[in-house]
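Welcome! Take a moment to look over the structure below, and then let us walk through a few of its features together.

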Amino acid sequence: MNDFAWRRLYPFADQELRVGGWRYHYFDEGSGEPLLCVHGNPTWSFYWRRLPRAFGERYRVVAPDHLGCGLSDKPAEFSYTLAGHIDNLVELVERLDLRQVTLVAHDWGGAIGMGAALRLPERFSRFVLMNTAAFRAPWMPWRIRACRAPVLGTLAIRGMNAFARAALHMATERGLDADIRAGLIAPYGNWRERIAIDRFVKDIPMTPAHQSYATLMKIEQGLARFRNHPMLLVWGMKDWCFSPHFLRRFQEFFPAAETLEIADAGHYVMEDSHETILPALVDFLERHPVTADSTCASTGEASGA
């Protein structure tokens, strides 16, 4: 991946773990209680680049790149399943010994992040979920279905980078500067580098026979464990993929959750509305400080589930 002007937007020291012998890249900026920022498809940790500047003096911002994404290795041999991504995130949390974690998740980061939280509930205290899901979807948008077509879907995604390039326009309502567009797709320059984008699309479980259906079902069934934790739902209401239907489903799982609906934002809600989201996140964290009691409550809920 060549250096471009977007590098000035992402001035972080490279960190890595070795998982399964592969490089698992992340940035780790600031100090204090950790904000664990988990991206989706087809983004990478670049999506969270504004958080260290906003929170680095008070919080430790940790943002990994899933295997196949960003600056992580892109091995052909990895499973690229929901369970595999959860395993890697769990290993990151344990190896860095992150505790009193606030999960900040977008897109696939919701299912992956909530899956990790259910594996390590005593380590997670607060949740901020943005245009995502951690439960079964009732339908699949036709644009996603088209990318799952045998052979042709893979040719479009890996051969023409159609999925990532289309997202630069379809996932935002306000448009993106050239440097930001370049940064979002910089790690995906050729067929080999686009493997995870393709495999994420194929890993959406719609039927019980799918390899990731049972994993997602287990996450869905476990969400109630965190119903008493501070939770902020941030939603771009013009998202055609994770539409407001998904927000309403989260509100059913978490009736006490706070909600920030952004009427004129799309799926890349942080790109469209960071100037609204960042102050709201500061306010949310300050009003819900992490205490020893909240950590104990999490452990108690886990043992009683």
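## A buried arginine

Leaving aside residues up to four places away in sequence, Arg123 touches Val93, Asp97, Leu98, Arg99, Gln100 and Val101. Keep in mind that this is a predicted model. You can find Arg123 in the loop between helix H3 (108–119) and strand E6 (124–132). Is Arg123 buried or exposed? Arg123 is buried, because its relative accessible area is 9%, and buried means under 20%.

## The nonpolar core

Now for the largest nonpolar core, which has 105 residues. Leu36, Trp48, Phe55 and Met114 are those with the most contacts inside it. Helix H11 (residues 269–287) gives this core its largest share, eight residues.

Not counting residues up to four places away in sequence, the contacts of Trp48 include Phe27, Val38, Ala63, Met130 and Met270.

## Aromatic pairs

The count of aromatic pairs comes to 24. The ring centres of Tyr10 and Phe12 are 4.9 Å apart and the planes are at 75°, so this pair is edge-to-face. Both Tyr10 and Phe12 are buried. The rings of Phe124 and Phe127 have centres 6.3 Å apart and planes at 10°, so they are stacked.

Ring pairs also link a cluster, with Phe135, Trp139, Trp235 and Phe242 among its members.

## A patch on the surface

On the surface, Val151, Leu152, Leu155 and Trp191 form a nonpolar patch, together having about 420 Å² of accessible area. Leu155 belongs to helix H5 (residues 152–159), and counts as partly exposed because its relative accessibility is 41%.

Terms used:
Residues numbered from 1 in each chain as written. Predicted model: local features only at pLDDT ≥ 70, side-chain atom pairs only at ≥ 80, totals over all residues. Heavy atoms only, no water. Patch = residues over 30% accessible without salt bridge, like charges linked within 9 Å, V, L, I, M, F, W, Y side chains within 5 Å. Areas by Shrake-Rupley, 256 points an atom, 1.4 Å probe, with all protein chains shown as cover. Salt bridge = Lys/Arg side-chain N within 4 Å of Asp/Glu carboxyl O. Helix = DSSP H or I, 4+ residues; strand = E, 2+ residues; numbered from the N terminus. Buried < 20%, exposed > 50% of the residue type's maximum accessible area, 1.4 Å probe, protein only. Core = buried A, V, L, I, M, F, W, Y, C linked by side-chain atoms within 4.5 Å. Contact = heavy atoms within 4.5 Å. Phe/Tyr/Trp six-rings, centres within 6.5 Å; stacked < 30°, edge-to-face > 60°.
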